[in-house]
Amino acid sequence: VFIVGIYDDIANLSPLKKIVGQLIAASIASGGAYSLNLRSEITSNSLVNFIITMCWIIFITNSLNFVDNHDGVATIYSSLIFLSFFTLAYLTNQNLLIALSIVSLGSLIGFFPYNRPEARAYLGDAGSLLLGTSIAVTALRIDTTAKSTLLSVISILVLLSFLMADTFLAIMTRIRSKRAIYLGGRDHIAH
């Protein structure tokens, strides 16, 4: 997705080419080590799990890209998500996710002074698509079988509810006003 984002930042890819690149990346992640943790609780059909995982990755990836419409918003929100992922990973003793969360959070904190309002640097599609994919995949890897499954799942959904609500509201607004859903606009919660 990072490569798709770079191409989009440079050459302004069509939405179709962008989604094809995301589908390829999501299918690799979905078919590999990042398949659903909740497999038996959602469905016993591996094809259905694969499709659900792909849809999740693409939706969260594009949701973060949608939120990246105002200086610092995606950076702050991603920082809060990775701080929360760190906490959930710590509580469930997931050392790899603890490290990933700390590295991601540190990178975002280091980037924020350049990305805050009156920004001098931007995530662009390369940054927001990579961050969105990282968030989607990390959320799938949080161990929901340890301690309290329901609490972990609810925590992840609450963490990502802003992204999901903003995306849903922007899409609904654009559909109602007969605008293309993939074009930017000021119809976001942060505006």
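**A chat about the model**

Analyst: Happy to! Helix 1 (residues 2-11) gives the largest share of the nonpolar patch, 5 residues; helices here are DSSP runs of H or I with at least four residues, strands are runs of E with at least two, and both are numbered from the N terminus. Please keep in mind that this is a predicted model, where local features need pLDDT of at least 70, side-chain atom pairs count only at pLDDT 80 or more, and totals for chains, interfaces and linings use all residues. Residues are numbered from 1 along each chain as its sequence is written, and side-chain values use heavy atoms, with hydrogens and water left out.

User: Which residues make the nonpolar surface patch?

Analyst: Phe2, Ile3, Ile6, Tyr7, Ile10 and Leu130, giving about 620 Å². Patches are built from residues with over 30% relative accessible area and no salt bridge, joining nonpolar side chains (Val, Leu, Ile, Met, Phe, Trp, Tyr) within 5 Å and like charges within 9 Å. The areas come from the Shrake-Rupley method with a 1.4 Å probe, and for residues only the protein chains shown count as cover.

User: Is tyrosine 7 buried or exposed?

Analyst: Tyrosine 7 counts as exposed because its relative accessibility is 51%. The cut-offs are under 20% relative accessible area for buried, over 50% for exposed, and partly exposed in between (1.4 Å probe, protein chains only).

User: And what does tyrosine 7 touch?

Analyst: Not counting residues up to four places away in sequence, tyrosine 7 touches Asn12 and Leu13; a contact means heavy atoms within 4.5 Å. Its C-alpha atom is separated by 9.1 Å from that of lysine 18, 11 residues apart along the chain.

User: Switching topic: how many salt bridges are there?

Analyst: The structure holds 2 salt bridges, each defined as a side-chain nitrogen of Lys or Arg within 4 Å of a carboxyl oxygen of Asp or Glu. In one of them, lysine 18 meets aspartate 8 at 3.1 Å, N to O. Lysine 18 is in helix 2 and aspartate 8 in helix 1, so this pair ties together parts 10 residues apart in sequence.

User: What about aspartate 125?

Analyst: Aspartate 125 also forms a salt bridge with lysine 18, at 3.0 Å, N to O. Aspartate 125 lies in helix 7 and lysine 18 in helix 2, so the pair ties together parts 107 residues apart in sequence. Through shared partners, Asp8, Lys18 and Asp125 are joined into one network.

User: How accessible is aspartate 8?

Analyst: Aspartate 8 has 7% relative accessibility, so it counts as buried. Lysine 18, at 16%, counts as buried too.

User: Which other residues of helix 2 are buried?

Analyst: Besides Lys18, the buried residues of helix 2 are Gly21, Gln22, Ala26, Ala29 and Ser30.

User: What covers the buried side of helix 2?

Analyst: The cover includes helix 1, helix 4 (46-67) and helix 7 (124-141). In helix 7 you'll find serine 128, which counts as buried because its relative accessibility is 0%. Leaving aside neighbours within four places in sequence, serine 128 is in contact with Thr61, Leu64, Asn65, Asp68 and Leu123.

User: Last one: how many helices and strands are there?

Analyst: The protein has 8 helices and 0 strands, and buried residues make up 41% of its 191 residues.
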